[in-house]
Amino acid sequence: MTRDIPAAEAIVSGRALATGFDVECDVAIVGSGAGGAVCAALLAEAGHRVVVLEEGPHVRPDEYQTWTPSMSVRRLFREAGLLTAMGVGDTPMISITLGRAVGGSSLLTGGVCFRIPSDVHHTWVRDLGLGELSEAALGPAYEEVERRMRVREVPPQMRSRSTEKFLQGAEALGIEMRPIRRNTGLDCEGNARCNFTCPAGAKRSVDVSYLPSATAHGARIVSDALVTDVIVSNGRAAGVEGHLLGGDDAARSHAFRVRARHVIAACGTLHTPLLLFRTGLGLRSGELGNHVTLHPAVRVVARFDEPIVGWDGALQSVYSDQFHSDGIKLVGVYSAPNVLAAGMPGVGPEFRRRVRSLPYCATFGAMIHDEGGGTVRASPGREPLLWYSMAPRDLSRLRKSMTILAEMAFAAGAREVYTSVLGAPPITDMDKARALERLNIDARRIECMAFHPLGSARAANDPRRGVVNQWGETFELPGLYVADGSILPTSIGVNSQVPIMSMAARIAWKLGERIAHEKAVATRTRGRALRRRVAD
Amino acid sequence: MSEHLSAAHKADETNAGFRRGLSPRAERVAASAMEAILADEDERGNLIPGSPEACARAVRWLSRSAGHSSSNIRFGYGLLTWLLQLLPLFMIGVPSRMTELSLGDRIRYLTALETSRYGLLSMLLLAFKVPMSIVAFEEGAELSSTGFDRPSTASRRSLMWAEAPPANAPNTAGGVS
């Protein structure tokens, strides 16, 4: 092992390294997604030495912007997009989208930016005693994150005709819709395929909004670097170690070690618990890896008589909180045409006929503010296993949301609506939609997806109830912090990118102050020792 | 199978390598399913299987994706292809493996899976249909059949510009004018 990272670039590909390394820094960060990138940038800007270790590859934006959706899925999505939460009991199988690259899942979001709703903050403060996580306490962090990501409301002219159709239906039904805010500044062209990277480079994912500043301030980022263990010394975190990943099959190649007094785990809700379990944490509270929330989501496709051509416009531009008390958020959504085609029902000629009707189709989605019920554990392979037991209340909300979306579609003049119930015939009127909601069906027939797994290492004010404190430090191992979606104490009911980044910003600011204080104390101590030696 | 790949996919494989994640048997099962999923009717109403190019592209993508994924995924798809192969007897009462069914029977079988009252059977079809269809409909005649009016799924929206944007155009389109 060399005593420095043996490459000159700020972002080093671990695959290209001919040897491992053993380096020292102030903060070792595991993961370069929404949480890790924010911490890296803010700590490096504060003058601290930062090393970021990312399991996935580094792909430059000018390269991934040219990829087709299937290339993005295979090369940027964890498990090539085939990751699934296994439904336990009366629960759908839920397809999970996670990123695995420098920039993490921020490369694959729709760019939607919400703050945590006030009532969720209120619950955290009032019911969970998390006074440091109030809306006011996170205010500066929200502002910082939104400024850097150029968060703006999507202007009405960027709405697709697909969205306009559902707006028309919502208006007819008296459902209030609002413009969504996204991290695309004024650059969005309306290519409607943000989840597979933005071909226009408009989306301010963290690889363009935060990591360049981190590297400009001296942070080193190593991609294809799998951290396997947190080093523990004298009862506190002292760094991390792992292996570089090389070859086509990402096999382990050279070992590395990063020694640091402070370690931030930002591997995401499914992978942070694995790292903590391997470090021997999580036994005291029994909370680690449990209570995972997902925001399960469904969509409907509505076919109209007139052409819609929904792919011209922003992927997501409006939402509704009309059903907030039911835990349902309605969200406009579209996708790449081949992805929408793949989701059309039927096999053979029936399927092909429906695919040909795509220009006449509009889509809309709904997301559930779920109770949780997910559990993450290690598997025999490298990836975790995720089980999810959906609360009966959430399942009925999921089904109700499809009825609401169908009603909006029919109010806008749709001929037929394809719901997310697999194998169900298209519905042609509201009586059939309501009948489908009432029908006693196997929950696994509901095609369900989730983009925001949260809460596997939740924050608490007591070691018996959580894994980290309100500043992200683990109760069981001083010097080890968690700064990703896993620390959110409950489901939040909104897209999680800004919440995760804001929580990470708070943690980084606090840690930066602590490191600065430690450095000042060390400098004073060294000065005193030197003066004593000179005096002697 | 690689002779059916488009230039874009060949370039991708050249850059990123190919590691098979499905066995040849599993690939044959996936290809047989895809042929039925993509089947269409000609002008006379006769069934025609999905195009070899689209099926090959889709199966190769699935195999390659499994190859670059964890052992959980490879094991899972190995198991699913066995099930897909062996269930025709239970679903449509034909004592045959799926790959040996006629095209019409395969469509009938896969439709029975999709419409089954048991969700896990519907999910079995979905596990192959969705990922492979994403690839199948990504280019060529299959993409054209979606009505998509851009040359590729990676193309930028052309309506934003009075004429084609220059190669070095800045990303400053502020909205639809």
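## Where the chains meet

In this predicted model, 58 residues of chain A are in contact with 57 residues of chain B (contact: C-beta atoms, placed from the backbone, within 7 Å). On the chain A side, the elements giving two or more residues are helix H3 (69-76), helix H10 (337-342) and helix H11 (349-356). Helices here are DSSP runs of H or I with at least four residues, strands are E runs of at least two, and both are numbered from the N terminus.

Sorted by class, that side of chain A has 27 nonpolar, 14 polar and 17 charged residues. Nonpolar covers Ala, Val, Leu, Ile, Met, Phe, Trp, Tyr, Cys and Pro; charged covers Asp, Glu, Lys and Arg; the others, Gly among them, go down as polar.

## Chain B

Chain B has eight helices and two strands, running α-α-β-β-α-α-α-α-α-α along the sequence. Of its 177 residues, 43% are buried, meaning 20 or more other C-beta atoms lie within 10 Å of the residue's own, again placed from the backbone. Take the chain B contacts with a separation of 6 or more: 60% of them join residues 24 or more positions apart.

## Helix H12 of chain A

Because 15 of its 20 residues are buried, H12(A) is largely enclosed by the rest of the structure. Just after H12(A), A:Gly413 takes a positive phi of about 105°.

## Ground rules

Residues are numbered from 1 along each chain as its sequence is written, with chains lettered from A and ligands numbered from 1 in the order written. Local features need pLDDT of at least 70 and side-chain atom pairs count only at pLDDT 80 or more, while totals for chains, interfaces and linings use all residues.

Technical notes:
Buried ≥ 20, exposed ≤ 12 C-beta atoms within 10 Å, placed from the backbone. Contact = placed C-beta atoms within 7 Å.
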